[in-house]
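This report describes selected parts of one protein structure. It is written for a reader who has not seen the structure before.

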Amino acid sequence: MPARYDALLFDLDGTLIDSAPDIALALNRLMADLDRPELDLPAVRSMIGDGAGTLVERALTAASVAHRPEELGSYLKRFLAHYEADPVQLTKPYPGVPETLAVLDAKGFRCAICTNKPQRATEMILEALDLARYFDPILGADAVANRKPHPDHLQAALTAMGAKRERGVMIGDSTNDVAPAQALAMPAIVMAYGYGRRPLSALGADLILEDFAKLPEALQSIGAMR
């Protein structure tokens, strides 16, 4: 494999893990607090990807909960209390993720997390699923000054890794992953099974993968393409 592509930056939700069921549970506990009907899982999936605050705001709007912008913080706090109480009740890695990360680790690839999920929940989930050992650094939305889609999020991870952007690849599932990679002139791979709201063909990713286990092969292909 081309040595220059050995710094891998990963999104979390919709890329490494299917967290939507637990996110839905926590949102629906918030809905119960507010005496509102439950949100269905497909609706919740469509809300994920732009950070917890945006997620809660979308949920409140979908449930017709009138709220002022200054009230969002209190709703977010209530949601996070529900979510962080048990964020891995139903959350699981996608097929092939643990095994493939082990392969990449054995081959000397360096891996980092760049997610718009809050830092505390991110660390809790990765530890519970025994995936944290593969990533350094782990950068959630509140661990950086500017979160995705700002390229600073990715650059912060590369800097912490001591890696040049020419050696980096972003692996995610949405425009929030592809756009900052493009801003840094880095290749991007998107997973077809993720939570992205735009058509995959419109994202401009270098490769689209159906199977996470194909990632080592995909990295080889990108090296050949570039």
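Asp35 sits in the loop between α1 and α2; helices (H or I, at least four residues) and strands (E, at least two) are DSSP runs, numbered from the N terminus. Although Asp35 is not a glycine, its phi is positive, about 60°. Asp35 is exposed, with a relative accessible area of 68%. Here buried means under 20% relative accessible area, exposed over 50%, and partly exposed in between (1.4 Å probe, protein chains only).

The model is predicted: local features need pLDDT of at least 70, side-chain atom pairs count only at pLDDT 80 or more, and totals for chains, interfaces and linings use all residues. Residues are numbered from 1 along each chain as its sequence is written, and side-chain values use heavy atoms, with hydrogens and water left out.

Asp130 also has a positive phi of about 60° without being a glycine. This residue is found in the loop between α6 and β5. Asp130 is partly exposed, its relative accessible area being 44%.

Next comes helix α1 itself. Its 14 residues should span 20 Å at 1.5 Å a residue, and its end C-alpha atoms are 20 Å apart, which agrees; the expected span is 1.5 Å times one less than the number of residues. The helix is mostly covered, with 10 of its 14 residues buried. Among them are Ala20, Pro21, Ala24 and Asn28. The buried residues of α1 pack against β2 (17–18), α2 (41–45), α3 (52–62) and α4.

Helix α1 (residues 20–33) packs with helix α4 (residues 72–85) at an angle of about 125°, and their axes are 8 Å apart. Axes are lines fitted to C-alpha atoms, for helices over the stretch in contact, and angles run from 0 to 180 degrees between N-to-C directions. That angle makes α1 oblique to α4; angles under 35 degrees count as roughly parallel, over 145 as roughly antiparallel, 65 to 115 as roughly perpendicular and the rest as oblique. From α1, Asp22, Ile23, Ala26, Leu27, Arg29, Leu30 and Asp33 meet Tyr75, Arg78, Phe79, His82 and Tyr83 of α4, where contact means heavy atoms within 4.5 Å. By class, this contact of α1 with α4 holds seven nonpolar, one polar and four charged residues. Ala, Val, Leu, Ile, Met, Phe, Trp, Tyr, Cys and Pro count as nonpolar, Asp, Glu, Lys and Arg as charged, and the others, Gly among them, as polar.

With α3, helix α1 packs at an angle of about 55°, the axes being 11 Å apart. The two helices are therefore oblique to each other. Ile23, Leu27, Leu30 and Met31 of α1 touch Leu55, Val56, Ala59 and Leu60 of α3. The contact of α1 with α3 has eight nonpolar, no polar and no charged residues.

Lys117 lies in the loop between β4 (110–114) and α6 (119–128). Lys117 is buried, with a relative accessible area of 7%. Between Lys117 and Asp13 there are 104 residues in sequence and 7.9 Å in space, C-alpha to C-alpha. Beyond its neighbours within four places in sequence, Lys117 has contacts that include Asp13, Ile23, Tyr83 and Thr122.

Thr122 belongs to helix α6 and counts as buried at 0% relative accessibility. Leaving aside neighbours within four places in sequence, Thr122 is in contact with Leu12, Ile113, Thr115, Lys117 and Ile138.
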